[in-house]
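Subject: Structure handover

Hello,

Here is the structure I promised to pass on. Please open it first, then read my notes below.

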Amino acid sequence: MAPKPKPVPLQPAPPPSLEDLFTTLNRHIQASAFDNAVKLTDQILAIAPEDEDAFRCKVVALIKNDRIDDALSTIKSSRKQLDDFHFFKAYCLYRQNKLDEALESLKRQERNNETMLLECQILYRLGKMDACLDIYQKLQNSKIDNMEINSVAALVMAGRSSEVQGMLDSLRVKATSSFELAYNTACSLIARKKYTDAEQLLLSGRRIGQEVLMEDNLADDEIEIELSPIAVQLAYVQQLLGRKQDAIEAYTDTIKRDMADESSLAVAVNNLVSLKGPKDVSDSLRKLDRLKDKESQSFRLARGLDLKLSAKEKEAIYANRILLLLHANKIEQARELVSALPDMFPESVTPVLLQAALLVRENKAGKAEEILAQFASKFPEKSKVIHLARAQVAAAAGHPHIAADSLARISDIQHMPATVATLVSLKERAGDIDGAAAVLDAATKWWSNAMTEDNKLNIIMQEAASFKLRHGKEDAAAQLYEELVKSQGSIEALVGLVTTVARMDVDKAELYEKQLKALPGLKGIDVDSLERTSGVKHVEAPRVGVSETYEEGKNKTKTKKKRKRKPRYPKGFDPANPGPPPDPERWLPKRERSTYRPKRKDKRAAQVRGSQGAVVRDKHDTGASSNSSNPKSNHGTSKGAGQNSVSEQTKPSSKSSRKKSRN
C-alpha cells in the first residue's frame with residue numbers, strides 16, 4: 001500500500017500593511033470606537049514601535065475613552081518624547097486634579113491657543129481668576145468658538161460681575177445667543193442682586209436650550225439632564241426672592257427624578273438641606289449621604305463631585321454636614337469631620353469657625369474664644385469675621401469684656417450705630433462706664449468729620465446725651481443737647497435740653513422752654529390760675545345709694561387681678577420634655593381603678609368542720625340576724641352612716657374567712 005502524502009503546511013497570511021491598518025484606525029476613530037482604536041494602535045506599534053502617529057492616536061483614544069490613568073502611563077512609558085506630549089500629560093494631570101503638576105508640565109510646551117486655553121482651565125480650577133482673565137483677554141482676537149462663555153464664568157468667579165455686560169457689548173454678543181451664556185450671565189445678575197432679571201434670563205435660557213437640543217435630536221431625558229443646571233439655578237433664585245416653598249418643591253423634584261448631572265444634584269441637595277435647617281435632621285443627613293464616596297468610611301465627597309464642584313461649593317456641603325451632626329448630637333462624627341477641614345480648605349476661615357461652634361456645643365466657650373483669637377492674630381487679613389464670631393461667643397458665655405475687646409478690633413465698623421450701641425451695652429455690663437463714654441465720644445467725633453449723605457451724627461449725639469444723663473453727667477449731656485439744637489434744630493434735642501438744664505438751672509431751662517412750640521389744644525388754658533385752684537370739691541352721694549356704692553367698691557377690691565406667677569416644677573423636671581403623661585386614676589383608691597384585681601378568696605373557708613351532719617353558721621349571718629332583731633340601730637342611721645356600714649361589711653370579708661380556717 002502506497003504511503004499517504006504528507007499534508008502541505010498552510011502558509012501564514014501576510015500581515016496587513018500599515019496603510020490598511022491606519023485606514024481601519026481612522027474608521028474606528030470616526031465611529032468613536034475608541035476601544036477598537038486602542039487595540040489597533042497596539043498592532044501598529046508591534047509592527048512599527050517608533051511610529052509617532054500611532055503613539056499619538058493611542059494616547060488620544062485613551063483620553064477620549066476616559067482612561068486617563070492608562071493614557072498617563074503610556075506617555076510616561078514612551079521612550080521617545082513627542083513635541084505635544086507635554087500638552088497631553090498636562091491635560092491628564094488636569095483631569096486627575098493634580099493642577100500644580102499640570103501647570104508645570106504645560107510650561108514645557110510651546111505656547112499656542114490650545115495650551116493657553118488649557119492653562120485658563122487649570123487656573124480657573126485653582127481659583128486664580130485674575131490670571132485666567134488675563135489669558136482670555138489675550139485670546140479675544142483669536143476666533144475661538146464660545147470663548148465668551150468661559151470669560152463670563154471667570155468674571156463671575158472673580159467677583160467682577162459688574163464687568164460682564166461691558167465685555168458682552170465689546171464682543172457684540174447677546175446674552176441669549178446660547179443657553180450656556182444665558183446661564184452664566186444670569187449668575188452675574190444674581191451676584192449683583194438683580195434676582196428678577198436673573199429669573200427671566202434663566203427662563204429664556206431654558207427655552208433656547210430646549211429648542212437647540214431638540215434640533216440636535218437628543219432624547220427628552222438627555223435634554224433634561226443637559227438643562228438641569230438651569231433648573232437648579234432657577235430654584236436658587238426663587239429661594240433668594242423669598243418663595244421658599246417653590247424652591248423646596250423644585251429641589252425635591254430634581255432629587256427625586258434623579259435626572260441631573262452630579263454637580264447639579266449636589267447643589268440641589270445642599271440647598272434643600274440649608275432651607276430645611278434643623279427640621280428633620282435625620283432625613284437631611286440621609287440626603288447628604290448620597291454625595292458620599294461609597295468606599296470611604298467617613299464622609300468624603302465622591303471623586304467625580306470632588307473634581308467638578310468649586311471649592312466654595314464643597315466647603316458649603318461639608319459645613320452643612322457638620323452643622324447637621326451638631327443638631328443631631330453626633331459630636332464624635334462632627335469632631336472627626338472638623339479636624340479634616342483645615343487640610344481641605346487651608347485658605348478659608350470656615351474650618352476654624354466650625355471648630356469654635358463644636359467647642360461651644362461642648363460647653364467649652366473659653367477654648368473657642370482662645371482658638372479664634374489665635375487665628376485672628378495669625379491671619380489679620382481674615383480676622384474681621386473671626387472677631388465678630390469671638391464677640392458673639394464671649395457675649396453668650398457672659399464675658400462682656402472679651403466681647404467688647406473683639407468688636408473694638410474691627411476698625412472699619414467702629415462708627416456704625418449698631419456697633420456703637422453693642423459696645424456701649426457690653427462695656428456697661430462689664431462695669432466700664434468710662435470706656436462706654438469713650439466709645440460714644442469717638443463715634444460723635446467720627447460722624448462730625450464725615451462727609452456722607454446718610455450722616456448718623458444726630459442719632460449718635462442723642463444716644464450719647466441720654467447715656468451721660470443716665471450716668472449723672474448732666475453738664476456733658478446738656479452740652480450735647482445744646483449742640484444738637486444749634487446744628488440740627490431737633491425738637492427731641494430741645495426737649496432733652498430743657499429737662500436736663502431744669503435739674504441745674506431753672507431760669508436757663510425756662511429760656512429754652514420758650515423755644516418750644518405751644519400745643520394746639522392748650523391755647524385757652526391759664527396755667528397760673530389752674531395751679532391756684534383748690535382742686536375738685538367732694539360731693540356726697542345720696543344716702544340711698546351709700547350701701548350700694550360701698551358694696552360695689554367692696555366687689556371691685558375683691559376682683560383685683562392676681563399676679564401671675566411662674567409654675568414651680570419638681571426638681572429635674574423639664575417642661576419642654578415632660579415625658580409620658582401621669583396616670584389619670586392616680587388619686588382614686590386602688591379598688592376603684594380599672595387595673596385593680598381583688599385578692600383570691602381562700603377556698604378552705606368553705607370546707608365543713610365538725611361531725612358529719614352538723615350545720616355551721618357564718619359570722620356575717622349571725623350579724624345580719626342580730627341587726628334585724630335590733631330595730632333601733634336601723635332607725636337611727638344617716639346617709640353617711642349607711643355608706644360607712646357598707647364599706648365595713650366589704651372590708652373584713654376575707655378576714656372572717658381566715659378566722660374560720662383557724663378555728
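Accessible areas here come from the Shrake-Rupley method with a 1.4 Å probe. On that basis, the protein chain exposes about 44600 Å². Carbon and sulfur atoms supply 51% of that area. Keep in mind that this is a predicted model.

**The chain as a whole**

The protein chain has 36 helices and zero strands. It runs to 663 residues, and 34% of them are buried. Now take the contacts between residues at least 6 apart in sequence. Of these, 46% join residues at least 24 apart.

**Salt bridges**

Side chains of opposite charge can pair when their charged atoms come close. How many salt bridges does a search of the whole structure find? The count is 26. Three of them are worth a look in the viewer.

Start with D258 and R290. Their closest N and O atoms are 3.8 Å apart. That falls within the 4 Å cut-off, so the pair counts as a salt bridge. This pair links distant parts of the chain, 32 residues apart. D258 sits in the loop between α15 (244-257) and α16 (262-276). R290 sits in the loop between α17 (281-289) and α18 (303-308). Both residues are partly exposed: D258 has 43% relative accessibility, and R290 has 37%.

Next, E262 and K308. Their side chains meet in a salt bridge at 3.5 Å, N to O. E262 lies in helix α16 and K308 in helix α18, so the pair ties together parts that are 46 residues apart in sequence. E262 is partly exposed, at 38% relative accessibility. K308 has a relative accessible area of 54%. Exposed means over 50%, so K308 counts as exposed.

Then D289 and R321. Is R321 buried or exposed? First, the bridge itself: the side chains meet at 2.9 Å, N to O. D289 is in helix α17, and R321 is in helix α19 (residues 311-327). The two residues are 32 apart, and the pair links distant parts of the chain. D289 is partly exposed, with a relative accessible area of 30%. R321 has a relative accessible area of 8%. Buried means under 20%, so R321 is buried.

One last item is a network. K276, D283, R286 and K287 are joined into it by salt bridges that share partners.

Best wishes

Methods: Residues are numbered from 1 along each chain as its sequence is written. This is a predicted model: local features need pLDDT of at least 70, side-chain atom pairs count only at pLDDT 80 or more; totals for chains, interfaces and linings use all residues. Side-chain values use heavy atoms; hydrogens and water are left out. Helices (H or I, at least four residues) and strands (E, at least two) are DSSP runs, numbered from the N terminus. Buried means under 20% relative accessible area, exposed over 50%, partly exposed in between (1.4 Å probe, protein chains only). Contact means heavy atoms within 4.5 Å.
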